[in-house]
Amino acid sequence: MINNQAGPFHYHHVFDDEDNLTVQVSDANSLLGTHLLEGDWEEALDYLDTPEGQRDATTKNDPLGLFNVGNKLTLPKTKNGAVFAALYVRAPFPLIKKICDMSKEEDTDDLMYALSVIPHEEQQRLEESQQRKIPYRTRYWTNNEHTLILNLFLKECLQHKSSLLDKCPSWIIPSTFAVTPLAMAAYNPDVPSSILQKLCMLEPKAIGMESKLFTISTIPLIVAAASPVPPVTFPIDVRDEVKRNRWEKVKLLMNKDWFEIDVQSSSLDDIIGDALPSPPAITLEQVKVACDEAMKRKEWELVRELLKQFNSTTGDELTMSLSSIQTALAQHDRKVSTKLRKQDEKRDREEWLHRNMGLVMYPVDALLDLINAVIPQRHDDSLVSPMS
């Protein structure tokens with residue numbers, strides 16, 4: 001039987017959520033679509049062995065009825081095949097693979113769609129909506145299943161020499177994002193670092209490509225560092241594992257030269273296999289380059305984490321080599337501290353005026369200061385939050 005379970009782990013993400021939409025079973029345009037909408041996974045697998053099932057898997061007949069009159073889904077008309085239908089209902093991996101093997105479809109959008117899914121968040125939304133019944137989406141992928149699906153589409157992209165430099169279309173994620181598949185893998189906390197490494201091996205040019213996150217222009221290194229972690233309500237070991245995976249992604253993206261020079265000759269088996277080559281240790285020069293890039297983009301929390309990680313594992317020589325960066329970070333911290341202190345003094349002064357001089361003396365900017373004290377604002381358009 002197909003395993004439908006996953007471990008408890010969820011937190012909010014920013015990728016677009018479509019699972020509040022529904023398609024009625026009566027909308028299905030084929031028997032395969034009916035099996036998918038009803039969650040009859042075993043029946044769907046058996047049906048694919050029949051001539052009718054093989055025809056449904058290879059014909060663009062909109063199995064789920066996503067494009068029927070009245071449905072309000074904003075999907076491109078090209079997503080009317082069996083592969084996307086299986087992805088849309090979060091079908092189990094064996095079923096998705098069987099349909100892919102039969103249909104021979106090649107579409108990078110399927111990879112990007114899978115990269116946009118954060119399984120543990122979908123688990124949370126399903127648990128919070130226990131009243132949902134079929135034909136609402138009632139299934140989520142496990143982390144292992146998600147990884148298998150990503151590997152499947154990576155293999156397809158490699159075999160068909162698909163471009164991995166295209167940005168994700170707006171029907172998958174909001175227009176406030178402009179990211180390649182590599183940047184999507186860097187940001188998604190449920191995507192393991194091994195998937196990011198394979199994307200780096202397949203298309204090293206994407207490592208340095210400009211991306212957009214929350215309308216802010218940035219690069220995949222920053223995107224990886226900005227990847228969210230679960231809240232403090234989660235077990236410490238779960239949070240630590242997410243942080244470890246995030247840091248592995250940061251280190252991979254610091255090894256840009258290795259991917260561009262040494263890994264270009266990698267074979268198909270090297271990339272799609274499980275035994276990936278180990279990246280070389282991060283050098284002092286790479287730490288400097290990463291810190292300089294982070295400082296240029298005012299991502300001081302990444303600078304802080306880089307100094308912390310590499311100062312704690314190296315000797316005095318490295319500490320001295322990074323002294324100018326440490327000085328710059330200290331100056332930044334003093335500026336922030338001074339700015340916050342002045343804001344506090346101004347707020348105290350305006351509150352005193354309000355208490356002693358009446359409402360007429362209470363300026364609007366003091367009220368804004370009070371609001372800002374309650375709702376912290378992102379400083380200097382930075383994306384990276386404290387990482388430790």
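This is a predicted model: local features need pLDDT of at least 70, side-chain atom pairs count only at pLDDT 80 or more; totals for chains, interfaces and linings use all residues.
Q: Asp-109 is buried yet has no salt bridge, so which side chain of opposite charge is nearest, and how far away is it?
A: Residues are numbered from 1 along each chain as its sequence is written, and side-chain values use heavy atoms, with hydrogens and water left out. A salt bridge needs a side-chain nitrogen of Lys or Arg within 4 Å of a carboxyl oxygen of Asp or Glu, Lys and Arg counting as positive and Asp and Glu as negative, with His and the chain ends not counted. For Asp-109, which is buried (under 20% relative accessible area, with exposed over 50% and partly exposed in between, using a 1.4 Å probe and protein chains only), the nearest side chain of opposite charge is Lys-79, at 5.0 Å.

Q: Which residues is Asp-109 in contact with, leaving aside its neighbours within four places in sequence?
A: Contact means heavy atoms within 4.5 Å. Beyond those sequence neighbours, Asp-109 is in contact with Lys-79, Pro-169, Trp-171 and Ile-172.

Q: Is Arg-90 buried or exposed, and at what relative accessibility?
A: Arg-90 has a positive phi of about 60° although it is not a glycine, whereas most residues other than glycine have a negative phi. Arg-90 counts as buried, because its relative accessibility is 2%.

Q: What is the average pLDDT of the protein chain?
A: At least 70 is the score of 75% of the residues. The chain's average pLDDT is 81.

Note on methods
pLDDT is the predictor's confidence in each residue, from 0 to 100.
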